[in-house]
Amino acid sequence: VLPTGESQNIELQVALPPTVVFSSQEGEFTYKLRLQKQPGLDTLPFHLQVELPLGYEMMISSTAWDRTGENTWVFLEQVSQNFTEIEISFGLNVQP
C-alpha cells in the first residue's frame, strides 16, 4: 500500500500457458486481456509487450500496437475506462 499521491512502477514478466490462447480459425489464435482501473484514478498508464512465437505475425488486435522487433509488439495507453479489454490475434506468417 502506497501513501496517497505516490506511485510505483511494477514490471511483470509472464510466459502464458497455451490454455489461455484460443484457436479462432485454422492457424489463427486469440488472447484476451481485461484491464481493470482502480476506482478514483483518472487514468492508468499501461505498457504491455508481447513476444509472439517465432514464425507468427500479429493479425488483428482491438487496439493500436507498435512493432518493436521481429516478433515483438508493444502496446502503450493511458487507460481511462474502468474496464478495458485488449484482444490479440496472431497466426502463422505466410509469405509468398
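Tutor: With a definition. A salt bridge is a side-chain nitrogen of Lys or Arg within 4 Å of a carboxyl oxygen of Asp or Glu. The model is predicted, and the structure holds two such salt bridges.

Student: What makes glutamate 87 and lysine 32 a salt bridge?

Tutor: Their closest N and O atoms are 3.7 Å apart. The cut-off is 4 Å, so the pair qualifies. Glutamate 87 sits in strand β7 (residues 83-92) and lysine 32 in strand β2 (residues 28-36), so the bridge ties together parts 55 residues apart in sequence.

Student: Is glutamate 57 buried or exposed?

Tutor: Buried. Its relative accessible area is 17%, and buried means under 20%. Arginine 67, at 41%, is partly exposed.

Student: Why is leucine 12 called exposed?

Tutor: Because its relative accessible area is 70%, and exposed means over 50%. Leucine 12 is found in the segment before β1 (22-25).

Student: What makes the nonpolar surface patch?

Tutor: Ile10, Leu12, Val14 and Leu16 make it, over about 480 Å². Patch residues need over 30% relative accessible area.

Student: Which residues touch the most other members of the largest nonpolar core?

Tutor: Phe46, Trp65, Ile86 and Ile88, out of 14 residues. Strands β2, β3 (44-51), β6 (72-79) and β7 each supply at least two residues of this core. Core members must be buried, with side-chain atoms joined within 4.5 Å. In soluble globular proteins, nonpolar side chains tend to be buried together.

Student: How many of the residues count as buried?

Tutor: Of the 96 residues, 26% do.

Student: How do you know that β1 and β2 pair?

Tutor: Pairing needs at least two bridges. These strands have three, in the antiparallel sense, so they pass. Phenylalanine 22 stands opposite threonine 30 in β2. The two strands form a hairpin with two residues between them. In that turn, glycine 27 has a positive phi of about 80 degrees.

Student: What about β3 and β6?

Tutor: They pair over eight bridges, again antiparallel. The threshold is at least two, so this pair passes as well. Valine 50 stands opposite tryptophan 73 in β6.

Student: Why are β3 and β5 said to stand at the edges?

Tutor: Three strands form an open sheet in the order β3-β6-β5, with antiparallel pairing. β3 and β5 each have a single partner strand, so one side of each is left without a neighbour in the sheet.

Student: What is the overall secondary structure?

Tutor: Zero helices and seven strands. Along the sequence the pattern reads β-β-β-β-β-β-β. The C-alpha atoms fill a box of roughly 55 × 25 × 25 Å, taken along the principal axes.

How values were computed
Residues numbered from 1 in each chain as written. Heavy atoms only, no water. Patch = residues over 30% accessible without salt bridge, like charges linked within 9 Å, V, L, I, M, F, W, Y side chains within 5 Å. Areas by Shrake-Rupley, 256 points an atom, 1.4 Å probe, with all protein chains shown as cover. Helix = DSSP H or I, 4+ residues; strand = E, 2+ residues; numbered from the N terminus. Buried < 20%, exposed > 50% of the residue type's maximum accessible area, 1.4 Å probe, protein only.
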